[in-house]
Amino acid sequence: MHPPTSTDRPAAPRRAEGPPVVDLADERAADQRLTGAKAAALATAAGAGLPVVPGFVVTTTAVEEIAAGGDLPTAVLDAWHGLSDDDAQALVVRSSSTVEDLGDSSMAGRFESVVGVRGSSGFRRAVGLVIASREQAAAGSDTLTGSEPLAVLVQPLLSARCGGVLFGIDPVSGREDRLVVAVVEGGPDRLVSGEVDGSRYELDASGRQVGLTRGEGGIRLSRRRLRQLAELAARTAEVFGGPQDVEWAYDGDGRLRLLQSRPVTAEPRGRPRGPVLGPGPVAETFPLPLQPLEEDLWIDPLRTALRRALSLAGTAAPADLDTSPLVTVLDGWPAVDLDLLEPQHRHPRVRERLDPRPRLRRLYASWRVGRLRSALPTLARDVVGAADTALAGVPAAADLDDRQLVALLHRLRPALTSVHAHELLVGLLVDPEAPRTTGTGTALGVLARARRAGVPDAETLAGSPVVLALAPPQVRGAPDLPADVPFPSDGDAPGDGPPGDPDDPGLLREALRLRVRWLQEAGARAAWTLGERLAAAGRLARPDDVRGLGLDQLTAAVEDPGAPLVPRPVEPGEPLPARFRVSDTGRPVPVGGGAGASGAGGGTGTGPVHHGDDPPEGAVLVVRTLDPALASVLPRLAGLVAETGSVLAHLAILAREAGVPTVVGFTGALERFPPGTVVRVDGATGEVEEQEETS
């Protein structure tokens, strides 16, 4: 970006003409143009009966005269004498600009505040410092000009027992059914300045405590005070038309005081409901966001397969299966119901402990899995053979007409469902600690040897479809294979197929996973061919637009050449949180908890954290999901940490094989370990510890 010029900066808002000073109780103080946003909000709150500390405002009119070299108006000095009781009471002098404490930007900390002001000379100096901070703030800003209207807010200095900040919604997750209170001993100044972090309470709307994190300088709040703060949050939201970020304090007499109120700048996401979801179990299969046609082709079969597998295994109650979304897609990103797939570690309530049904269901599930254990290897081999026969019978997409291509897309969905379901069931039998060769590992060796021999990727794909394990499913002209694939040593290079016991559940699962990928690719090529033909006929602007069609719409278009085609591509959102619930507004709301981080093997390693897809030698790569495309960078790594995923993920298995210490399911790792942080990764215990840097 180029440096801002005077023409880049917005024009200063029009200033109001008015008296040099107004009392906060004066209705004119609610005019932002005259008193700035901070003071106007306090005046509005005071007018609504909220417990605002009294004070006065040196208006924008007077500030411009003072900034131009004028002296403090007599009316301002008179107001100081009255409020300070002729200097018996220390004051707080704060900025109140028209551009701070707004909904889109708080400008917190940009302007000066002076605490403990005494004497007329001290008051003059404090007012001057606040006015001068306008130009100082502009010097370090791309948006401020230094000429924005500014007022000066003056209030008595409270002798506070405790104080802090109150958020009308969770400022991190955006949950609207949660309030967050941070509190310290004394006034809130040490908290808002970052000197101490205080104690952090999470409350429901009634003020009931649902979470507490103790921090430096924090104190314990009584239930009565928590309820009072919840009431203050509700009142300020009602007065200002939305959730507020409130500074508050309890004075020496134990009265709650409102010191400041501004809109919460966090994005409201609604009230979460339903099961806990997460991308972890599907992020490896679908590391890229999906478009509507891809969702119809691949997510619907996965959803049906998951329901069948859980029902056959008996690990989920029928009622839970009926009410669960199982697999859902938000802004292009798929996620699954973690409440059904993850083990539950919470302590059961008394009524639940007395209820025999969960225990009976677990016994029944164990019996079912025991029976499946003996039957599944034969069933899985039959499914692998049937999938291979079906795939071998699929002609090249170019040899099929449009109706045949659409029929193929519909036939592939039940085939995918069957292979998915058996892969999920076999996964119940897999020992995560057992070493094995993965389809991804085999594919790396095949691709590396082919490239070293000068074989084009297209020929490698045609002759060795195992290489598709390295490319995510996507409707496009050709699979996107990784560009950088290190060639393993001759002793380590895997062959073209996984060796070992054909009844080994791990190898059977890999075989089923490969057939899933091949079936997906058959559908992708058929869909892309249709996109090319529709574009050539002028019915689509370009072949890629076919991804924005639903399967039913595409089918109707082929049946009726006159049917209109209106692609509705999805604009991919931000990658989903590791664990979240969907709110009543349809937004993902992050939640904590879960089984926690798990070691996936590889020993221990230490190095600087890297975010992104091109880590340097010796780095610890921290990622959101275990994307198989990262397999080629594993030899460089000192460690791998993923927010989602399992020890059975392809990348986790490959990392173990390469001796890379790996931890999966570490919620919040990207935020906790910023780039450059030196960490030690323990692949056995799942611990990731920040290390002191040595010179």
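Reader: What makes Arg-214, Arg-220, Arg-223, Arg-224 and Arg-227 a positive surface patch?

Author: To join a patch, a residue needs over 30% relative accessible area and no salt bridge; like charges are joined within 9 Å, while nonpolar side chains (Val, Leu, Ile, Met, Phe, Trp, Tyr) are joined within 5 Å. The place of a charge is NZ of Lys, CZ of Arg, CG of Asp or CD of Glu. Arg-214, Arg-220, Arg-223, Arg-224 and Arg-227 form a patch of this kind. One thing before we go on: this is a predicted model, where local features need pLDDT of at least 70 and side-chain atom pairs count only at pLDDT 80 or more, while totals for chains, interfaces and linings use all residues. Residues are numbered from 1 along each chain as its sequence is written, and side-chain values use heavy atoms, leaving out hydrogens and water.

Reader: Why is Arg-224 called partly exposed?

Author: Buried means under 20% relative accessible area, exposed means over 50%, and partly exposed is in between (1.4 Å probe, protein chains only). Arg-224 has 44%, so it's partly exposed. You'll find Arg-224 in helix 6, residues 223-240; helices (H or I, at least four residues) and strands (E, at least two) are DSSP runs, numbered from the N terminus.

Reader: What is noted about the phi of Asp-87?

Author: The phi of Asp-87 is positive, about 75 degrees, and this residue isn't a glycine. Asp-87 sits in the loop between helix 3 (74-84) and strand 3 (91-97). With a relative accessible area of 28%, Asp-87 is partly exposed. Asp-331 is another non-glycine with a positive phi, near 50 degrees. Its loop runs between strand 13 (327-330) and strand 14 (333-337), and Asp-331 is partly exposed at 44%.

Reader: Why are Arg-513 and Glu-510 said to be about one helical turn apart?

Author: They're three residues apart in helix 16 (residues 505-536), so about one turn separates them. An α-helix has 3.6 residues a turn, so residues three or four places apart point the same way. The side chains of Arg-513 and Glu-510 meet in a salt bridge, 3.6 Å from N to O. Arg-513 counts as buried at 15%, and so does Glu-510 at 2%. These two also belong to a network of salt bridges that includes Glu-284, Glu-423 and Arg-509.

Reader: What makes Gly-278 buried or exposed?

Author: Its relative accessibility is 0%, so Gly-278 counts as buried. Gly-278 is in strand 12 (residues 272-278). Leaving aside residues up to four places away in sequence, Gly-278 touches Ala-335, Val-336, Leu-338, Ala-578 and Phe-580, where contact means heavy atoms within 4.5 Å. Gly-278 and Leu-338 are 60 residues apart along the chain, with their C-alpha atoms separated by 6.2 Å.

Reader: Which residues of helix 2 are buried?

Author: In helix 2 (residues 60-67) they are Thr-60, Thr-61, Ala-62, Val-63 and Ile-66.

Reader: What share of the protein chain is buried?

Author: Buried residues make up 50% of its 695 residues. The chain has 19 helices and 23 strands. Of the contacts between residues at least 6 apart in sequence, 65% join residues at least 24 apart.

Conventions. Areas by Shrake-Rupley, 256 points an atom, 1.4 Å probe, with all protein chains shown as cover. Salt bridge = Lys/Arg side-chain N within 4 Å of Asp/Glu carboxyl O. Lys, Arg positive; Asp, Glu negative; His and termini not counted.
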